Amino acid sequence: MEKVNITINGRKISAPAGSTVLRAAQDAGIDIPTLCNHPALAPIGVCRVCLVEVKGMPAFQPACTSLVAEGMEVQTETPPLVEARKFVLDMLFSERNHFCMYCEMSGDCELQNLGYRYRLDHWVYPTYTKPFPMDATHQQLLLEHNRCVLCRRCIRSCSDLTANHTLDLRKRGIEAMVQADTNVPFGDSSCISCGGCAQVCPTGAIFDKRGAFMGPDKKMAHVQSTCSQCSLGCGTKVFTRGDIVVRVEGDWDAAVNGGRLCKKGRFDPLNEERKRLTRPLLRRRGGLEPASWEEALQAVAEHMGAARAQDIGVLTSSRFTNEALYQLGKLFRQEMKATNVGLLNGVAPKAFDKPQGSLADIPKGDLILVVGVDPVKDQPVASFLVKGAVDKGARLIVVDGKDNGLAPFAHQRLEMADIDKAVDMAQRATHPVVLYGAGLSEKTANALKKLPPKAAFVALEPGVNTRAAAAFGFQNGFKPQAAKVLYLMLGEQRWDGEDLLKQAGKDAFIVVQAGYESPLTLQADVVLPAAIWSEQAGSLTNTEGRLLKINRVLEPKGEAKPDLEIISLLANKLGKKLAASLDEISARAAQELKGKEN
Amino acid sequence: MAKVKIATDWLAGCAGCHMSFLDIDERIVQLLDKVEFTSSPVTDLKHPPKEGVTVGILEGAICNTHNVEVAKQMRERCQILIAVGDCATFGGVPAMRNLVGTKEALKRAYLDTETTVGGLIPDSPELGKPLDTVVGVDKVVKVDLFIPGCPPRADAFFYALSELLAGRTPVILPPEHFVYD
């Protein structure tokens, strides 16, 4: 890469050509204060906080939008610059309500930090009196215009990262304010509640209601983890205080999502209303009664141990770690020789010989073919990438039903029968990308095989850890009617199991391992309380085949135990010896996954 | 050596800054070796003495004509005026009134309160008249030192007074004492 030589504060620095002065300074460890700039968003230079002196230039230049040039001499903290920044800050503080003492963001506010840094101890301009509305109509987010500094980070996040274009700016000058759609209440707008705006807001203008007023970030534990709501496995940063999860943010450094999250990942896990299972339950004298782990596992082991291999049925959700699914397979398929094992959701067919594409292929595509999958509903962050590619000029062809969430954004929607038309169009594109899911039929797959090698095929698996589940032998084809002892590993999956209960024999002995109470747990003979997403560690295999780490952020509630531990305890009761430590199991699971994938 | 005289008073504030000042705890004994507190809202003498003091400390925002009088009198009678707390420095919580307007705020407080029957907006001549806009102390008198914070930390008070007693001006509060909340 071509390098350019510049000096910043007298230091000689070599920076890549095309880099901004701010970036070059940051890479060299030189601190330039910023406000509207955000590393994940395109710079727009509106706040003027990052002004620097460039020799030969008549005026101060914003570092975030100025590009480096050979021989450039930059100063970042001279007395005139400090004065200019104080002036900029005085102007910012002179508009709207920037009283920190009752603001949610106090302690984490970037404007406040700048006030501290440049020691603003009073206001030089007349006290501001024009009130702005506060919009609390959104279920998750609060939009407090009075705290807004018009940095437009939320607007850029909404357009550049989520590609939803809900937020924009209305009016001019002192009247300017962020608006949702055509100035409708935020809650009634086209917002899809990804929460990206709240994550990038430097002040207390947009924040999530659920995590509000629970203290500054420095009083919380921050744990890097992986979202387990769909098969993408977005990187997350989980904020906890005491025994509660306060907030989930997208991890800016995660390769999968680059800081993005969707409603399912950011808000749904925090707004769970189902009743937690915190004690093992055992059916005695017709009713479900609390029991000890010992009693509950003993009851399961007795029925399981006495059953013939063909009488055992195992049905699992895909919402588990590699380790839990591996151990489940090992115990039931290998040790107990059960063959009636199944997965609650479908699996994207392995239709193509060539190596799988990755999510990173989506932004590169100039034609995107979406076949038999609805990422808007099932893998929202992937839909952000698709919509982002469309913003940049890619053509979107949706080969699916009318109700596909991407249909409104598509240049053309085709029925499955017209797949040849879609293939035709894709053949003419420079970088065609095919997104497909469990809805891809064999016939359609065969038609798609005609695409030239330049085409990238990206599978979007339904469920969560579906790829690992399938690799460990859990596929469709479970027959409830054949099972006399039924082991249901449900975890956090929402499923009432009504059909299953109808099909299963009246005398079937039903064991449910779940995190929450459901119609199914009420019908069970034994209920094993499982830890939820925040309470267990392990790894996840995402739809691209990436191995992602999940970290435990909280202790399991009550007597609930991590799924892996429950299976290991049950294995012990059954006299089967499975690998002991998490690391050992992780290694074996990874080994087997690698073997299966190749 | 004669003791340095200090007077304090509060305007539209909550007394929290004074409470925070008292949180310097036993260090107040150390301070009393060198200073004399002539008057404050929590002592018998309420007004700064006519002969003047070296340091005047004001808490609270300028909310009404009475606040203006008190601030002006303090300014006339002291050499160094310190504005303490977010109300005195920026307007603070009382300045929330600016966002609804004085008239509306009075109506809400005295007439429209859910428990009020036949309410009356007080207008005794003994009372200060509310101003249209709540402002920081520096908008009516010259202020020599600002100590923001809600309230300023006890250590900030002690630090500032110690610096002044040692003759070091201007006082630059260390980052841990420079807060807005």
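Helices (H or I, at least four residues) and strands (E, at least two) are taken here as DSSP runs, numbered from the N terminus. By that count, chain B has six helices and seven strands. This is a predicted model, in which local features need pLDDT of at least 70 and side-chain atom pairs count only at pLDDT 80 or more, while totals for chains, interfaces and linings use all residues. Residues are numbered from 1 along each chain as its sequence is written, and chains are lettered from A and ligands numbered from 1 in the order in which they are written.

Chain B makes a handy starting point. Read from the N terminus, its elements go β-α-α-β-β-β-α-β-α-α-β-β-α. Its C-alpha trace spans about 60 × 35 × 30 Å along the principal axes. Two residues are in contact if their C-beta atoms, placed from the backbone, lie within 7 Å. Among the contacts in chain B with a separation of 6 or more, 79% join residues 24 or more positions apart.

Where the two chains meet, chain B puts in 22 residues and chain A 15. On the chain B side, helix 4 (85-90) and strand 6 (130-135) each supply at least two residues, and helix 4 of chain B gives the most, with three. That side has 12 nonpolar, six polar and four charged residues; here Ala, Val, Leu, Ile, Met, Phe, Trp, Tyr, Cys and Pro count as nonpolar, Asp, Glu, Lys and Arg as charged, and the others, Gly among them, as polar.

Chain A splits into domain 1 (3-77), domain 2 (126-271), domain 3 (281-345 + 466-597) and domain 4 (359-459), with bounds from an automatic or database domain assignment. The centres of domains 2 and 3 of chain A, taken over C-alpha atoms, sit 36 Å apart. Across that boundary, 14 residues of domain 2 of chain A are in contact with 14 of domain 3. Strand 11 (221-226) and strand 12 (235-241) of chain A each give two or more residues to the domain 2 side, and strand 11 of chain A has the largest share, four residues.

Chain A also has an open, mixed sheet of five strands in the order 2-1-5-3-4. Strand 2 (11-16) and strand 4 (61-62) of chain A are at the edges with a single partner strand each, so one side of each has no neighbour in the sheet. Strands pair if DSSP finds at least two bridges between them; strand 1 (residues 3-8) and strand 5 (residues 73-75) of chain A do so in the parallel sense over two bridges. Ile8(A) has Val74(A) of strand 5 as its bridge partner.

Further along chain A, strand 21 (residues 432-436) and strand 22 (residues 456-459) pair in the parallel sense over four bridges, with Val434(A) opposite Phe457(A). In strand 22 of chain A, Ala456(A) and Val458(A) point one way, Phe457(A) and Ala459(A) the other, and all are buried.

Terms used:
A residue is buried if 20 or more other C-beta atoms lie within 10 Å of its own, exposed if 12 or fewer, and partly exposed in between; C-beta atoms are placed from the backbone.
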